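Colleague: Before I use your labels, I would like to hear what each one rests on. Please show me the model.

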Amino acid sequence: MRPVVDTLPSYVPGERPAPGRQLYKLSSNEIAFPPLTAVNAAMVDAAADLNRYPDMYATELTETIGEKFGVGAERVTVGNGSVAVLQHVLTAVCEPGDEVVMAWRSFEAYPICVQVAGARVVQVPVDAAGRHDLAAMAAAVTDRTRAVLLCSPNNPTGPALTQTELREFLAAVPASVMVVLDEAYIDFVTLADRTDGPALLADHKNLVVLRTFSKAYGLAGLRVGFALARRRLTTGFRAVSTPFGVSSMAMAAARAALRAEEQVRERVAEVVAERERVVAALTGQGWTVPDAQGNFVWLGLGRRTAAFADHARTHGVLVRAFAGDGVRVSVGEPEGNDLFLELSAEWVARSVDGVLERA
């Protein structure tokens, strides 16, 4: 094996409920709604041809995505989830000795993808509010920097970048450095000046925008993601992509979900309303919650992270613990959110008494 394989950080998935036990899974940023009726129907139709390979070039899906974002199908790369697409992107552009700058803490798959591509990770700490320190990230760019990864909203801390900040950052970074903007949770952002990566592609040839069908569209189990970029980059990304990387059922479901935009927006609005309710309740309990712009909230617990995750599990809620930093809690069904708020209030009350104040 390559030596780097032994040093790769492990991707830790959200814990799954044990059989026979009622637990609310708020650990994977999934949408709690079942698939849309139109999506189910599209998958049933596609199932009739499962003995055949899928369209290797995802022609209909890339055309639909291209039409939605006004970029043309030739500028769309689809893959088995946005993480797989990011791996294709980095594989296409990185060589040994290259560096990739990213905020940290951010999406935990980033360091894995960078190291697998043969490059070196350069992490720039997020600020006290859990936001990207864009000035520090721009300063971290050197002659060896091949790419910069931006996550907005940032997973797992929650804050999002603005379009103004993104424009300024793109102006500050050399055109020879690729800027990858991961907008996996963009649909949940309520900022007036939220990022719109596709709108900047024409003016910034070094920009690559990542999107996914796993979050707002509710297709996490089918794994469909895509990148938008200029033609030359897209050609390279496709060249290193896994042949037949997206199944026929996944492509059919993604197309159906895109045609059901109004229903998707209604579901997103419900998630956002629940998120605001959860944030307000946590704030009222005394928690300091970073600006939550995704479908999750972040509690910076530091050394008490594992203890809180155990506390939550004991009370029937699974959260995603990031050792030594904090926990990310997905916005789920109202009943699960209510139970989480009950246990978070109990944690605060017991912590005041010193019962759970431990490393």
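Colleague: Why is Pro 159 called buried?

Modeller: Pro 159 has 4% relative accessibility. Buried means under 20% relative accessible area, exposed over 50%, and partly exposed in between, with a 1.4 Å probe and protein chains only. Therefore Pro 159 counts as buried. This is a predicted model, in which local features need pLDDT of at least 70 and side-chain atom pairs count only at pLDDT 80 or more, while totals for chains, interfaces and linings use all residues. Residues are numbered from 1 along each chain as its sequence is written, and side-chain values use heavy atoms, without hydrogens and water.

Colleague: Where is Pro 159, and what is it in contact with?

Modeller: Pro 159 is in the loop between β5 (145-151) and α6 (163-172). Helices (H or I, at least four residues) and strands (E, at least two) are DSSP runs, numbered from the N terminus. Leaving aside neighbours within four places in sequence, Pro 159 has contacts (heavy atoms within 4.5 Å) that include Ala 129, Arg 131, Asn 154 and Pro 290.

Colleague: What makes β2 and β4 edge strands?

Modeller: The open sheet has 7 strands in the order β2-β8-β7-β6-β5-β3-β4, with mixed pairing. Two strands pair if DSSP finds at least two bridges between them. β2 (76-79) and β4 (120-125) each pair on one side only, so they are the edge strands.

Colleague: How do you know that β3 and β4 pair?

Modeller: Strand β3 (residues 99-104) and β4 share 6 bridges in the parallel sense; the definition asks for at least two, so they pair. Val 100, for instance, has Val 121 in β4 as its bridge partner.
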